[in-house]
Amino acid sequence: MAHSNLVRYFAMTALSSSLALASFNAVAYESELFSLKNRWEYTVTEMPESEREAALSGLAEEVTQLAEQHSDEAEVLVWKGVVLAAYARERGGLGALGVAKDARDTLERAVEIDPQGNNGSAYVTLGALYDRVPGGLIGFGDSDTADEMFQRALQIRPDGIDVNYYYATFLQEEGNIQAAREHAQRAVDGTAREGRQQSDEALRRDAEALLGEL
């Protein structure tokens, strides 16, 4: 009886330790991710254009390391994809293609874990990647896939400023001006996300400017 109680005690102690460690790890990555999000927001909305590429390169290295440590956390993977996509866009040219492919692969892994794609953010970024990256033998760009990704994001977050703005620019490129105007207006009227207010408000201003062009 005493032996049985002792075994039970050690089992419970081990379980408690495992739960405590898991909780500690979650808190640790959430703190790092919170800091990274804030620095990404500042970089893409306030930092001078001449300094953005270097700053995003540093953030890309940081979030890649974080994703290696937490490879099954969808939110971490989504943010890796978001940061890499921003870095690829800022870097530009064929040299950015490998970064863009890494962003795509990371985001697709994230939606395998979380079909909602962190409240649609993964699908928005995938849509932008498939829209902007060259197609054919060079890259993976594909307008049909881009449209599909934007549609998935809209199903999850129909009033999102980001998805409506990026979808509006895509539709403008595709020559569908009426639909582009509709989604640009939805972006102007949309709801900014908690923790993403700066970047969403910047996109709202971009949507207002786009409306003036359409």
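## Close-up views of a helical chain

**View 1. Helix α7 meets helix α9 (residues 197–213).** I161, D162, Y165, Y166, A168, T169 and Q172 in α7 meet D200, L203, R204, D206, A207, L210 and E213 in α9. Contact here means heavy atoms within 4.5 Å. These residues divide into seven nonpolar, two polar and five charged. Nonpolar covers Ala, Val, Leu, Ile, Met, Phe, Trp, Tyr, Cys and Pro; charged covers Asp, Glu, Lys and Arg; the others, Gly among them, are polar. The two axes come within 9 Å and cross at roughly 30 degrees. Axes are lines fitted to C-alpha atoms, for helices over the stretch in contact, and angles run from 0 to 180 degrees between N-to-C directions. α7 and α9 are therefore roughly parallel to each other. Angles under 35 degrees count as roughly parallel, over 145 as roughly antiparallel, 65 to 115 as roughly perpendicular and the rest as oblique. The crossing of α7 and α9 is left-handed. That term applies if the near helix is turned anticlockwise from the far one by less than a right angle; clockwise would be right-handed.

The model is predicted: local features need pLDDT of at least 70, side-chain atom pairs count only at pLDDT 80 or more, and totals for chains, interfaces and linings use all residues. Residues are numbered from 1 along each chain as its sequence is written, and side-chain values use heavy atoms, with hydrogens and water left out.

**View 2. The whole chain has nine helices and zero strands.** Along the sequence, the pattern reads α-α-α-α-α-α-α-α-α. Helices (H or I, at least four residues) and strands (E, at least two) are DSSP runs, numbered from the N terminus. The chain has 214 residues, and 42% of them count as buried. Buried means under 20% relative accessible area, exposed over 50%, and partly exposed in between (1.4 Å probe, protein chains only). The accessible surface comes to about 11,300 Å². Carbon and sulfur atoms hold 50% of that surface. Areas come from the Shrake-Rupley method with a 1.4 Å probe; for residues, only the protein chains shown count as cover. Among contacts with a separation of 6 or more, 58% join residues 24 or more positions apart.

**View 3. Helix α6 (residues 143–156) packs with α7.** The angle is about 155 degrees, and the axes are 10 Å apart. α6 and α7 are therefore roughly antiparallel to each other. Their crossing is left-handed. On the α6 side stand S143, A146, D147, F150, Q151, A153 and L154. They meet V163, N164, Y166, Y167 and F170 in α7. By class, this contact has eight nonpolar, three polar and one charged residues.

**View 4. Helix α5 (residues 121–132) packs with helix α7 (residues 161–173).** Their angle is about 20 degrees, with axes 10 Å apart. That makes α5 roughly parallel to α7. α5 passes α7 in a left-handed crossing. V124, D131 and R132 of α5 make the contact with D162, V163, Y166, F170 and E173 of α7. By class, there are four nonpolar, no polar and four charged residues.

**View 5. N118 and N119 lead towards a loop view.** N118 is found in the loop between α4 (97–113) and α5. N119 lies in the loop between α4 and α5. N118 is not a glycine, yet has a positive phi of about 55 degrees. N119 is not a glycine either, and its positive phi is about 60 degrees. At 23% relative accessibility, N118 counts as partly exposed. N119, at 42%, also counts as partly exposed.

**View 6. L56 lies in helix α2 (residues 49–69).** L56 is buried, with a relative accessible area of 1%. Leaving aside neighbours within four places in sequence, L56 is in contact with W40, T43, V44, V83, A86, Y87 and E90. L56 and L84 are 28 residues apart in sequence. In space, L56 and L84 are 7.9 Å apart, C-alpha to C-alpha.

**View 7. L97 is found in helix α4.** L97 is buried, with a relative accessible area of 12%. Not counting residues up to four places away in sequence, L97 touches V133, I138 and G139. L97 and V133 are 36 residues apart in sequence and 7.4 Å apart in space, C-alpha to C-alpha.
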